[in-house]
There are 2 protein chains.
Amino acid sequence: MQAAITPDDVAPLARGCAVLGTGGGGDVRAGALAARRAIQEHGEVPLVTLADLADNDLVVPLSGIGAPTVSHEMIHAEAEPDRIRDEIERIFGRPPAAVMSSEIGGGNGVAPVAWAARLGVPLLDADGMGRAFPEVQMVSMYVAGLPANVVIMTDVVGNVVTIRPVDGLWAEQIARAVCVAAGSSALMADYVLTAREARGAVIENTVTHAIAVGRATENAADPLAALREALDARRLIGGKVTDVARHTSGGFVRGTVTVEGVGDDRGRTLTLEIQNENLVAFEDGRALAMVPDLISVVDSQTATAVQTEALRYGQRVSVLAWACDPLWRTPMGLRTAGPRAFGYDLDYVPVEETAV
Amino acid sequence: MQAAITPDDVAPLARGCAVLGTGGGGDVRAGALAARRAIQEHGEVPLVTLADLADNDLVVPLSGIGAPTVSHEMIHAEAEPDRIRDEIERIFGRPPAAVMSSEIGGGNGVAPVAWAARLGVPLLDADGMGRAFPEVQMVSMYVAGLPANVVIMTDVVGNVVTIRPVDGLWAEQIARAVCVAAGSSALMADYVLTAREARGAVIENTVTHAIAVGRATENAADPLAALREALDARRLIGGKVTDVARHTSGGFVRGTVTVEGVGDDRGRTLTLEIQNENLVAFEDGRALAMVPDLISVVDSQTATAVQTEALRYGQRVSVLAWACDPLWRTPMGLRTAGPRAFGYDLDYVPVEETAV
């Protein structure tokens, strides 16, 4: 593993996080700008594993929460991390020893570099999803059964809200309401946890994986093939975006995207269901891939991920799908982020087992 | 001043608080039941003034927040006060020395007796409104310019939310969202303050005033006349409720009530605009009384207050209006809770100066 995040790592990290964002997690560009600037100001950010931390060291999982259409306008890289750190010190009597990305997908995978730099602590090579998910309780710590201890949120104007929820579902319900009241965007620490608690309850090595995914396509002759290999992904369809229905409500972006096949896929039509992230890919009423597996829309030429809010009529895209972390395929993982958790009356079928 | 709230004080306190509730503040019956039960269990509740407290003693202003149509179903007298106390100890390093009613009007004027009994601390003979108001920032502490330090909320399921708002308006916006997420009802501590800070920033003697108002009508030959005298109130109209338009949205009850005159008032029609509380009384497009002055609907025979949610077609009622505490007539008071604060394009005219 590399010892630190350098300025040269930011672009591939952003590129990889965009793909792992499965359409959401917030735009990576603002996060990448903030990360580069913070490294310039505060120096390279040490990258550590759980083995590098003492048992009682506090890990603070951070993420921006909100509708991506709003939150990609806000970087939360100025006073917000300091306010979260101050509140953690007030509550736990000691500052965090490391920052972790709550979700490696999208801008929330990149911006923690800036937050860690600003706080002067290392970044943990791990996250709480291995991807992006739209709801607060959809994190590995919840699936692993850690009691929800505290959620700390702060917004650009300076409000700080600390939630001691009875469980992760209440955390989501209250945090979402606070987020909407705060203008649909806030920086959030969810499940402040010790390194001991983090073992087995976070998804490890996802920062280095995201950088590797980003690097794979940088100078490749066939970026799409290189990306598929790096992800071990299947291509569900190659085609053209022919319809995008999208609206922002209750702090989420929801919608449906239609991709009509071109070339070998001519005559096929894929529809993608979205709640911030791509949830299910349907063809002729049959699900080809579904949460918690990852579904990403990428530019067919450059293999660059296209976030939900950037989808436009006429784009030539490929839709890729690949397996999620095994944690999400446990009964608790599927109950938390399987298709029924999003209201789809579908039994989960692993993406390796559906035929395209 | 009396030394303690006894079981015999609860009924007149409830009766007085209902009148001071100006239609809102939550139903007094649940609060009265809780107060009586808590006094039985924990003993009479000492009633103290600010002079009885040391400068650094903490006063915790408590209230139920939520739509009255929901909150009068919930008493918040069990574990909720303990959770608020625990959070105050965590934040301030010491427990509250006294409970204060955030709003003396309605159930929120009565239930603090139960909360104080349960916490084993005295009740302060004061409140933050001298009446009831629908929004969190509409308290004397805000008008007096105390910085918003902390808002602590807890709900029946056990969630605890602590808000450090940048100001009272943000406190209202976030607290309201949390309240709706928690099922439109929560127990709230707003502006935890020292006795020193409370001086000049709370409205004093309102508990004894509410009890006196309640007692005034108990055995009176003419309850309505006795009530008017106790309040120094004018009668805007005596008549019959002929229309009630009411809906619950965003955590508030909003609506319009029409009263058609009978007897001496035959031929006159009064309309009352409501947001939890009675805001403005109009006749022929002219405002006869308006916030922050108090407007209360009472039964014409018994002089018992009729809360907004209990208004029904055909009720014989009198609409009374009287002057608010002078604090509300300051520029900051009117900016906070004058007619324009509720969206009415009206210049404030004191109720003593409008002709009926």
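## Close-up views of a two-chain predicted model

View 1. A:V160 stands opposite B:R164 in β7(B). Strands pair if DSSP finds at least two bridges between them. Strands (E, at least two residues) and helices (H or I, at least four) are DSSP runs, numbered from the N terminus. This is a predicted model: local features need pLDDT of at least 70, side-chain atom pairs count only at pLDDT 80 or more, and totals for chains, interfaces and linings use all residues. Residues are numbered from 1 along each chain as its sequence is written, and chains are lettered from A and ligands numbered from 1 in the order in which they are written.

**View 2. Chain B touches chain A.** Each chain gives 18 residues to the contact (C-beta atoms, placed from the backbone, within 7 Å). On the chain B side, α7(B) gives the most, with seven residues.

**View 3. Seven strands of chain A form an open sheet.** The order is β15-β14-β13-β12-β11-β17-β16, with antiparallel pairing. Strands β15 (286-290) and β16 (294-299) are the edges. Strands β12 (252-261) and β13 (269-275) of chain A share seven bridges. A:V259 has A:L270 as its bridge partner in β13(A).

Note on methods. Contact = placed C-beta atoms within 7 Å.
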